[in-house]
Amino acid sequence: MLGEGIIQGLMETARNFFGSYVEKERLVTVQFPEERRSLPEATRQFPFLLYDGDDPERGLRCVSCQICEKECPPRCIHIEKSKDRKPDFVGKQQFYPAVFNIDVSVCMSCQICVEVCPFDAIRMDTEFELSTSDRFGGLLWTKRELARSNEYYRQIHPTEAGECDERRAKELADAQAKAAAAAAAAAAKAAQAAAAPAAASNGAPGSGAKSEPAKKVVTQ
Amino acid sequence: MRMTLPFLILAILTLAGGVAAMTLRRLVHCALALSVAFAGLAALYLNLDAEFAGLAQLLVYVGAIAILIVFAILLTRGGDSDAEKSFSPAGIGGAVIALAVFAVLAWATETSGIAHPALVTPPPESAMREIGLALMQRYVLPLEVIALMLTAAMIGAVILAVRERRNPAGTESAERPGLGA
Amino acid sequence: MSVAVAPAFAADQIFVALKYWLVLHTPGPFQTLVSILLTIIPIIVVFPALFAVTTVLERKGLGRIQNRYGPNRVGPWGVFQPLADAVKSLTKEDIVPRSADHVVHYLAPLVLVATAFLAFAVLPIGRNMTAVNLDAGVLFFFAIGAATELAVFMAGWSSRNKYSLLGAMRAIAQMISYEIPLILSSVAVIMISGTLSTTRIVDEQAHYTGTVAHWNVFTPWGLAGFILFMIAATAETNRSPFDLPEGESEIIAGYFIEYSGFKFALFFLAEYLEMFAVSGLGITLFLGGWSSPFSFLAWIPSWIWFFGKLLALIVGFIWVRGTLPRLRMDQLMNFAWKFMLPMTLVVIVSAGVWRFLPAGVAGSAALGGVIRWLVCALVVAGPYIALARVLERGRKIEKRTYRYAE
């Protein structure tokens with residue numbers, strides 16, 4: 001009959017209307033600032049820089065290789081390399097970024113910087129409440145504003161962080177094994193050459209620095 | 001006849017609309033000015049207590065004729081202004097004819113009873129009812145003839161329009177199959 | 001048989017009495033002016049206020065229909081949302097396209113709102129509460145309605161935007177098409193009441209047989225006519241599902257795409273005012289205007305009845321908007337010419353039958369009334385079923401399946 005479908009539709013919407021007052025589970029909206037839905041793990045907004053330990057200045061993983069700066073499609077990353085070096089987590093002397101800026105108003109959240117980073121230094125954040133009254137300065141994030149601890153990373157992307165930490169632990173173990181082997185070889189050589197006990201344990205450069213992150217990796 | 005303030009305002013409005021319709025460059029502006037003149041005329045009728053004539057004027061001229069003109073402009077030339085001057089020698093002839101019509105109308109008004117208020121009969125109490133009864137009783141045959149003529153014209157227009165469309169693709173596709181149905 | 005029921009006078013006539021009291025206490029030369037102002041100002045205040053209420057009702061109602069909350073932030077349950085909207089639209093920048101026709105662009109919303117307000121002049125919003133008691137009130141209403149089409153065209157053309165022009169063309173085509181069923185379904189009422197005056201049409205319906213009022217909607221032709229009238233009214237006011245002229249997904253906002261700030265708000269206001277006006281006319285013609293449906297309810301003031309019915313119709317509009325998707329242009333035109341027009345003609349025939357069948361037969365008024373009712377119902381229902389059969393022929397209605405979704 002002509003008009004039957006319209007009646008059916010009207011009944012359906014009436015059911016929705018009254019039902020939404022009776023059954024709370026009908027309502028699909030979340031009252032945002034008070035209620036929050038947990039974000040899916042793969043959420044990504046804008047990049048941040050990872051650091052190990054407590055000091056964002058010293059523990060920053062970035063070695064200022066500038067690959068991300070070159071790969072960034074909208075060119076929102078600006079890096080200035082440091083003059084001096086500091087040891088990284090395995091103890092190797094590396095450069096670090098004297099300046100690391102990301103213009104978030106330009107960033108398009110493509111995650112390419114994360115994909116290309118060989119040092120696991122840059123990751124995507126899930127934070128999205130970023131509005132600011134300063135349109136230019138407020139959205140240009142410096143190194144200090146970008147730095148986030150590894151704990152934070154593990155919080156927002158547990159799976160990804162776990163893999164990353166495993167890999168780094170392995171790298172560290174390899175490096176340590178290599179260092180130990182080198183030390184052993186050097187000790188053997190020294191023993192051979194001078195036939196005297198060598199103080200190899202504190203002779204290797206950076207061994208003091210590497211012990212600290214190594215402890216961290218293990219506790220993870 | 002006394003020139004009351006509402007009459008003066010409406011007369012000026014109507015005349016201004018008419019003059020604007022003649023002198024403006026853009027066709028759409030002319031059409032809009034013309035509808036102002038129509039509306040002014042309707043208001044004049046209402047001012048004279050001729051409710052039916054006034055409202056019918058509004059309904060037919062502003063509601064239908066003006067829209068028809070506007071549609072014709074839109075569908076033909078897009079309402080673009082033409083650069084040519086709006087004055088032409090034929091305008092003189094038009095002015096002469098307009099003056100002649102005005103003279104005849106003025107003469108007819110002056111010689112009729114309207115010029116002498118004593119002879120004017122007061123308007124009927126319920127003009128709408130009178131008009132309705134007159135249309136349905138005394139003038140029912142002319143009314144029906146006009147209705148028949150208009151119906152014939154409308155059917156003719158529909159036939160013309162339909163014949164044009166049938167050429168390329170046959171019948172129009174009113175029902176579209178549902179996606180993936 | 002028919003009995004006019006006297007209302008509780010004081011509350012019913014409170015506004016009329018107030019107006020006379022105020023006029024009587026003004027000095028002589030200003031009495032006319034004050035009287036006119038006291039007639040106009042309530043209309044200019046009350047109906048935009050109703051517009052404000054309706055916007056929040058509509059947004060909340062649509063939200064609930066879609067299982068959402070709707071606005072609930074400004075004030076308790078979001079009731080002050082219209083104030084926030086008003087502040088927003090007043091403080092927004094008024095942008096006029098460079099190539100727009102500035103004069104016409106400026107005039108269009110004003111003409112639209114002015115004509116929308118004019119339509120309220122003939123509506124009896126209560127006993128003795130008609131602003132202008134015209135002898136040809138219904139005709140006036142439709143004549144004013146015709147002027148809104150011109151305003152819509154002005155808006156669409158002057159914006160110099162292809163979408164606004166398309167929207168204006170669609171709006172005008174739709175308004176003209178649906179004006180015919182709108183007027184024809186009113187003709188049935190005019191035929192029965194024998195007058196074009198809105199006040200007298202309501203007076204005719206404010207009589208009671210037993211306890212039931214003589215509303216036109218209680219007759220078969222009146223019921224069918226009312227439904228057809230409201231469908232045509234929905235199309236006439238560009239409400240969903242007939243909102244093609246402003247279809248957001250196709251032509252963005254139609255004829256008022258190039259309007260911003262307060263002018264945009266004026267368009268919105270005019271749209272809602274037209275909705276109220278045409279609903280008011282529907283109430284006047286079919287739902288007995290300010291009269292109560294049952295004589296034992298006549299103590300409720302007449303203006304409460306009118307606004308109550310108006311609110312009910314607004315709720316109906318919102319409900320339909322929340323339910324039906326937008327029509328296609330060909331569906332719109334097919335519906336107007338293949339369904340609405342024949343059905344309104346059938347309603348007119350049914351009203352004619354009603355007029356000439358005797359109300360009482362063989363001395364029994366009740367039996368005569370029932371027979372007349374059934375005959376007229378048959379006159380409407382028979383063609384409806386036949387028309388439905390013809391229109392549904394060859395159309396297979398099945399559940400739509402989607403290839404990629406789901």
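1. A quick definition to start: a salt bridge here is a side-chain nitrogen of Lys or Arg within 4 Å of a carboxyl oxygen of Asp or Glu. Across the interface of chain C and chain A, the rule finds 1 salt bridge.

2. Some ground rules. This is a predicted model, where local features need pLDDT of at least 70 and side-chain atom pairs count only at pLDDT 80 or more, while totals for chains, interfaces and linings use all residues. Residues are numbered from 1 along each chain as its sequence is written, chains are lettered from A and ligands numbered from 1 in the order in which they are written, and side-chain values use heavy atoms, with hydrogens and water left out.

3. Staying with chains C and A: 19 residues of chain C are in contact with 22 residues of chain A, contact being heavy atoms within 4.5 Å. The pair buries about 1,800 Å², with 61% of that on carbon and sulfur atoms; buried area is the accessible area (1.4 Å probe) that two parts lose on being put together, summed over both. Look at Arg64(C), Asn67(C) and Tyr69(C): they supply 37% of what chain C buries against chain A, more than any other three residues.

4. On polar contacts, the C–A interface has 9 residue pairs, both at pLDDT 80 or more. The term means a pair of N or O atoms within 3.5 Å; within protein, one must be able to donate a hydrogen and the other to accept it, and residues adjacent in sequence count only if both atoms are side-chain atoms. Helices H3 (31–65), H12 (302–323) and H14 (365–392) of chain C each supply at least two residues to the side that touches chain A, and H14(C) gives the most, 5 residues. Helices here are DSSP runs (H or I, at least four residues), numbered from the N terminus.

5. Now chain C against chain B. The contact takes 34 residues from each of the two chains, and about 2,900 Å² is buried, 67% of it from carbon and sulfur atoms. The rule finds 0 salt bridges here and 3 residue pairs in polar contact, both at pLDDT 80 or more.

6. Which elements of chain C give two or more residues to the side touching chain B? They are helices H6 (137–158), H7 (162–193) and H13 (329–356). The largest share, 12 residues, comes from H6(C).
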